[in-house]
Amino acid sequence: MKMADEYLAQVTNVYRTREYIVFQEIGISDDPEAGTYLYSYDTYHRRTMQKDREYEKAFKDRAHIDGNRIPVSTYVREYVE
């Protein structure tokens with residue numbers, strides 16, 4: 001996992017949990033039958049020392065370094081080792 005600027009530009013939010021670094025791609029659906037709702041496609045990367053260094057470099061200016069999840073109605077998770 002390389003947190004290159006091009007990849008970070010494609011996701012809406014990145015945050016860190018105790019075990020994972022999570023990339024959240026958020027979209028909006030306006031379905032005539034289901035209504036309007038936010039959805040998220042989340043990619044979970046298990047934390048390693050190298051990934052933590054990349055994360056901390058990319059988000060060093062954040063007031064809360066771990067960030068937060070943006071709440072959505074529906075989500076799909078993918079786990080990447």
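This is a predicted model: local features need pLDDT of at least 70, side-chain atom pairs count only at pLDDT 80 or more; totals for chains, interfaces and linings use all residues.
Q: How many residues join β1 to β2 in the hairpin?
A: Strand β1 spans residues 13–16, and β2 spans residues 20–31. The two pair in the antiparallel sense over 4 bridges. In this pairing, arginine 16 has isoleucine 21 as its bridge partner. The hairpin joins the strands through 3 residues.

Q: Are the residues on the two faces of β1 buried or exposed?
A: In a regular strand, side chains alternate between the two faces of the sheet. In β1, Asn13 and Tyr15 are on one side, with Val14 and Arg16 on the other. Both faces are covered, and these four residues are all buried.

Q: Which residue in β3 is the bridge partner of glutamine 24?
A: Strand β3 covers residues 35–46 and pairs with β2 in the antiparallel sense. This pairing runs over 12 bridges. In β3, the partner of glutamine 24 is aspartate 42.

Q: Why is the pair of tyrosine 20 and tyrosine 79 edge-to-face?
A: The ring centres are 5.4 Å apart, within the 6.5 Å needed for a pair. Planes over 60 degrees apart count as edge-to-face. The pair is edge-to-face because its planes are at 65°.

Q: Is tyrosine 79 buried, partly exposed or exposed?
A: Buried means under 20% relative accessible area and exposed means over 50%, with partly exposed in between. Tyrosine 20, at 15%, is buried. Tyrosine 79 has a relative accessible area of 43%, so it is partly exposed.

Q: Which tyrosines do ring pairs link into a cluster?
A: Tyrosine 79 also pairs with tyrosine 44, with ring centres 4.9 Å apart and planes at 35°, so this pair is tilted. Tyrosine 44 lies in strand β3 and tyrosine 79 in strand β4, 35 residues apart. The cluster consists of Tyr20, Tyr44 and Tyr79.

Q: Over the face of which residue does arginine 62 lie?
A: Arginine 69 lies over the face of tyrosine 75, at 5.3 Å from the ring centre. For arginine 62, the distance from the ring centre is 4.2 Å. The ring under arginine 62 belongs to phenylalanine 59.

Methods:
Residues are numbered from 1 along each chain as its sequence is written. Side-chain values use heavy atoms; hydrogens and water are left out. Buried means under 20% relative accessible area, exposed over 50%, partly exposed in between (1.4 Å probe, protein chains only). Two strands pair if DSSP finds at least two bridges between them. Rings of Phe, Tyr and Trp (its six-membered ring) pair if their centres lie within 6.5 Å; planes under 30 degrees apart count as stacked, over 60 as edge-to-face and the rest as tilted. A charge sits over a ring if NZ of Lys or CZ of Arg is within 6 Å of the ring centre and within 35 degrees of the ring normal.
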